[in-house]
Amino acid sequence: MKETRTQFATRLGVIATTVGSAVGLGNIWRFPYEAGVHGGGAFLLIDLFFIFIIGVPVVCAEFIIGRHTGSNIRGAFRALAPGRQWGLVSYIGLCASVMILSFYSVVAGWTMHYTVKSIGGFSGVTTPEALHAQFDAFASSDIAPTAWTLIFLAVNYLILSRGVQKGIERMSNILMPMLFVILLLFTVNSLMMPGASDGLKFLFTPNFSEITPSVVLGAMGQAFFTLSLGLGCLITYSSYFKRETPLLRTSLITAGLDTLVAILAGIIIFPAVFTFGQEPATGPKLVFEVLPSIFANMGGGAIWSTLFFLLLFLASLTSTISMAEITIAYFEEEFGMKRKKATAISIAVSMVLGTLCALSFGSLGGVKLFGMTLFNLFDYTSSNILLPIGGMIISLFVGWVLDRSIVRGELLAGGGRITGWGVSTVVFCLRWLAPVCIGLVFVYGLNIF
Ligand code: PHE
């Protein structure tokens with residue numbers, strides 16, 4: 001199996017696909033809404049702590065497992081810890097990937113709908129109130145959001161069934177740089193709004209009185225979600241890395257660019273929130289209600305808006321493809337399925353669950369489990385519980401169980417100026433810091449005792 005596997009062709013390709021997986025709705029949709037609900041600056045600060053102190057080492061751990069074994073998540077653990085329980089973490093990853101793909105596709109469907117709406121200039125609607133009403137009417141209207149969710153998943157099928165490497169790698173190489181340029185343009189535009197200073201104050205001034213254990217749990221979940229971490233996505237992608245790819249450097253670049261995009265998204269959204277007198281704590285609808293108000297009041301708004309939602313859609317696509325790749329590689333390699341069949345099964349399951357998530361804003365809005373709609377339940381459970389548990393198991397495994405020579409060998413391969421010190425620091429974080437922090441956040445955040 002190993003010889004026939006594809007690899008990412010170039011160094012740029014490795015970065016573009018990995019950053020393509022990391023950068024997506026998590027940065028531009030989820031980060032602003034979570035920060036909005038949880039008091040802005042303090043949330044950002046805790047999120048940064050989790051991304052760089054806990055996230056980066058765990059990203060390295062996934063890379064080490066993936067590249068060393070060149071295998072899907074189940075196969076990777078079987079190769080490294082035959083017959084032992086560690087492999088159970090692959091099932092957590094598979095469940096989490098299906099859940100995330102399902103609710104994420106709903107929001108990606110919204111971006112497709114908004115791309116089309118933008119072309120028509122939001123039917124001439126310009127006031128924030130009317131734009132809100134327009135979004136609410138759309139999101140709660142069963143048929144359209146469900147249809148867009150299914151269309152989005154069908155697009156995933158078309159790309160994935162043909163084999164990702166060439167398509168995805170090439171697509172990411174072009175799209176990711178474009179996304180950065182557009183975001184920078186919007187950032188400049190937002191900074192010139194009357195509400196800019198209030199918005200920036202909200203985003204950058206930490207007000208620790210807002211911080212409760214559950215906010216810390218949310219920030220940890222956001223860090224794992226935005227790095228595509230804890231579910232084996234990076235194990236799967238790094239199984240396509242070459243021997244020369246420097247792992248620590250790649251993880252730092254990914255975390256750095258991913259964070260930059262989230263911060264830019266915050267700088268774009270919060271000044272507009274304050275300029276148009278809106279509420280930062282709106283939740284999942286925030287971006288879709290606030291951004292159209294900016295566009296409506298900008299010269300050439302329809303063009304900017306189309307471009308923005310189109311790029312957001314494409315950024316979502318490079319993320320969902322990486323999620324689906326986890327189950328596809330698993331079905332292909334563990335059950336000897338053909339790529340098309342493996343892709344069809346993965347996408348079909350998410351089509352069913354995605355439909356239920358789309359209806360969570362409409363007819364199924366009253367159906368709640370643990371006080372949450374299915375959409376919120378999938379979002380909350382995957383990010384705040386499954387990904388950190390997965391991350392903790394992966395870091396314990398690489399820190400304590402995996403042969404130290406493998407860890408050293410993988411981290412030092414490809415150069416990237418890492419020294420013995422760097423290796424020891426990563427190992428220390430994996431052995432102690434990450435598991436202890438994740439454990440403490442769970443105990444307090446979920447109020448376990
Ligand atoms: N990191 C992606 C984002 O921020 C979401 C994602 C989660 C992708 C898990 C893959 C796996 O949008």
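Which residues in α2 are buried? In this predicted model, the buried set includes Leu 25, Gly 26, Asn 27, Ile 28, Trp 29 and Arg 30. Phe 31, Pro 32, Tyr 33, Glu 34, Ala 35 and Gly 36 are buried as well. Because 12 of its 13 residues are buried, α2 is largely enclosed by the rest of the structure.

Helix α2 covers residues 25-37. From first C-alpha to last it reaches 17 Å, close to the 18 Å expected at 1.5 Å a residue. The helix is kinked by about 35 degrees at Phe 31. That position lies shortly before the proline Pro 32. After α2 comes Gly 39, with a positive phi near 80 degrees.

Helix α2 packs on α10, which comprises residues 213-226. The two axes are 11 Å apart, and the packing angle is about 175 degrees. Angles over 145 degrees count as roughly antiparallel, so α2 is roughly antiparallel to α10. On the α2 side, the contact is formed by Gly 26, Asn 27, Arg 30, Phe 31 and Glu 34. On the α10 side, Gln 222, Phe 225 and Thr 226 take part. By class, the residues of this contact are two nonpolar, four polar and two charged.

From α10, the contact draws on Leu 217, Gly 218, Met 220, Gly 221, Phe 224 and Phe 225. From α16, the partners are Tyr 380, Ser 383, Asn 384, Leu 387, Pro 388 and Gly 391. Seven of the residues in this contact are nonpolar and five are polar. No charged residues are present there, whereas the contact of α2 with α10 has two.

Helix α5 (residues 89-119) has 31 residues. Its end-to-end C-alpha reach is 44 Å, close to the expected 45 Å. A kink of about 25 degrees is centred on Ser 105. Helix α5 is mostly covered, with 24 of its 31 residues buried. Just after α5, Gly 121 adopts a positive phi of about 60 degrees.

Helix α15 (residues 339-359) has 21 residues, which should span 30 Å at 1.5 Å a residue. The end C-alpha atoms of α15 are 30 Å apart, in agreement. Its buried residues are Arg 339, Ala 342, Thr 343, Ser 346, Ile 347, Ser 350, Gly 354, Cys 357, Ala 358 and Leu 359. In general, an α-helix has 3.6 residues a turn, so residues three or four places apart point the same way.

Thr 17 is found in helix α1, residues 11-22. At 2% relative accessibility, Thr 17 falls under the 20% limit and counts as buried. Beyond residues up to four places away in sequence, Thr 17 touches Phe 8, Ile 168, Glu 169, Ser 172 and Tyr 237. Glu 129 lies in helix α6, residues 128-139. At 57% relative accessibility, Glu 129 counts as exposed. Glu 129 and Glu 289 are 160 residues apart in sequence, yet their C-alpha atoms are 8.9 Å apart in space.

Note on methods: Residues are numbered from 1 along each chain as its sequence is written. This is a predicted model: local features need pLDDT of at least 70, side-chain atom pairs count only at pLDDT 80 or more; totals for chains, interfaces and linings use all residues. Side-chain values use heavy atoms; hydrogens and water are left out. Helices (H or I, at least four residues) and strands (E, at least two) are DSSP runs, numbered from the N terminus. The expected span of a helix is 1.5 Å times one less than its number of residues. The bend at a residue is the angle between axes fitted to the seven residues ending there and the seven starting there. Buried means under 20% relative accessible area, exposed over 50%, partly exposed in between (1.4 Å probe, protein chains only). Axes are lines fitted to C-alpha atoms, for helices over the stretch in contact, and angles run from 0 to 180 degrees between N-to-C directions. Angles under 35 degrees count as roughly parallel, over 145 as roughly antiparallel, 65 to 115 as roughly perpendicular and the rest as oblique. Contact means heavy atoms within 4.5 Å. Ala, Val, Leu, Ile, Met, Phe, Trp, Tyr, Cys and Pro count as nonpolar, Asp, Glu, Lys and Arg as charged, and the others, Gly among them, as polar.
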